[in-house]
Amino acid sequence: MQTSTRNSVLLERSRTAVWHPCTQMKQHETLPIIPIARAQGCWLYDCDGKRYLDAVSSWWVNLFGHAEPRINAALVDQLQQLEHVMLAGFTHEPVVALSERLSALTGGALGHCFYGSDGASATEIALKMSFHYWRNSGKPDKTGFISLAGSYHGETLGALSVSDVALFKDTYAPLLRHSAQVPSPDWRKAAAGISAPEHALRCAQALDSHLEQHHEKTAALIVEPLVQGAAGMAMYDAEYLRQARALCDRYGVHLIVDEIMTGFGRTGTFFAYEQAAITPDFLCLSKGITGGYLPLSVVMTRDAVYQAFYDESVTRGFLHSHSYTGNALACRAALATLDIFEQDDTIAANRGKAQRMTAATRELAAHPRVSHFRSTGMIWAFEIGSTDPAFGRHFFEAALAHELLLRPISGNAGNTVYFMPPYTISDAEIEFLAARTLDILEKLS
Ligand SMILES: *Cc1c(COP(=O)(O)O)cnc(C)c1O
């Protein structure tokens, strides 16, 4: 391996000192680690000055591009005032303002915000809070959780317990609590001749049967609304969410909506659940909440849940904390992110952008090796037929050679390639992404 470039030096140091996530480190004997020196807009630049279009928003977190001037300015301003203070017994303007604004975005329905540091901790908080609500309400037997087949809610032990991605879960199964999985409304799995809404209804019937039998021991159903990300961008009809809400109400089970990926406009509405005109009991947010700048998560809930904890007794209160809960810098980045949604009318602007992406990818969608081309809001995905067991890695490498950051998801459903770009992707960048992806397909054929 060459050692003369700045890239090689940093990647060698990284290979030695950094244990990278979701990675078999031995693969980095041949697969390069890309040392990123700086980033601007949709582009990442490595230490040798090569560029990569960040078509996956740096693991689904970035909304408005890298080095966004307004978020940068807000953070610099916040740094002059308060970087952090513990949130037990203390508070500060950014966390209060963020809670008020997030609550307003739910129409005031979810008026209480509990903060964590990342997506997985939000899942843990929602699960614990749901269980504790039932316990405080005289139903201590409601300890079970249900999730969808193929679901992903994070990788700490509690979150992994309600996830259903074999690669992440199987090894750690002996450490996990049992949870039940019901069929996913993923329309790729619909029987021939069955429409997406019909398929959603059939899956809702399976949920109904499960709840009918198990509701007395079930605290909550947790779902990724409209798009199950790690399952391979599995998309489904909003009808399922309407049915799930009605069933949870009928059987006295909470509905936890995990919008860690789908929140903040990713599916075309500010929250994905809006497309089903429902309100969850718990809403988990993270990833895009800070525009992709800083780790922050929040679980939002209804007043009725909050009131069940409000008591003289300490142990009826919610017993959970993270050191960096409600970090002022992260909250300020989140406020700047919400400002941009208003200033740029992002949800409306994204509609035009989505149409241009769909038009630009027409040839790709019709490619003989591509199947199930689909999109929801600002997410596009398709399957590529391949017999290569290392397809994902090979595609990733080919993409880098084409100045693209693309990271396919390989699993039961096949090899899913997806685009989840920052909302600020330009028309020229859209054309670039579509054309280069076609090139890669030809090269890998
Ligand atoms: C990423 C993700 C999580 C976990 O978030 P982390 O910050 O990676 O812990 C949970 N749920 C969904 C739907 C996600 O996409």
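A polar contact is a pair of N or O atoms within 3.5 Å; within protein, one must be able to donate a hydrogen and the other to accept it, and residues adjacent in sequence count only if both atoms are side-chain atoms. The model is predicted: local features need pLDDT of at least 70, side-chain atom pairs count only at pLDDT 80 or more, and totals for chains, interfaces and linings use all residues. Residues are numbered from 1 along each chain as its sequence is written, and side-chain values use heavy atoms, with hydrogens and water left out.

**Ligand**

- An oxygen atom of the ligand is 2.8 Å from a polar backbone atom of G119.
- The protein buries 83% of the 380 Å² that the ligand exposes when taken alone (accessible areas by the Shrake-Rupley method with a 1.4 Å probe).
- The residues around the ligand (a heavy atom within 4 Å of it) include W60, H153, E224 and K287.
- By class, this shell has 5 nonpolar, 3 polar and 4 charged residues (nonpolar: Ala, Val, Leu, Ile, Met, Phe, Trp, Tyr, Cys and Pro; charged: Asp, Glu, Lys and Arg; polar: the others, Gly among them).

**Largest cavity**

- The structure holds 1 cavity of 30 Å³ or more (on a 1 Å grid over the protein atoms alone, a set of points where a 1.4 Å probe fits but cannot get out; lining residues have an atom within 4 Å of a point).
- The largest cavity contains about 40 Å³ of space (the space filled by probe spheres set on the points, which are joined across faces, edges and corners).
- Among its lining residues are W60, I260, R266 and Y423.
- Domain 1 (5–67 + 346–444) and domain 2 (72–343) both contribute to this lining, so the cavity lies between them (bounds from an automatic or database domain assignment).

**Second largest pocket**

- About 620 Å³ of space lies in the second largest pocket (an open set with protein on both sides within 12 Å along at least five of seven lines).
- Of its 26 lining residues, C113, F114, Y115, F318 and H320 lie nearest its centre.
- β4 gives the largest share of the lining, 4 residues (strands are DSSP runs of E, at least two residues, numbered from the N terminus).
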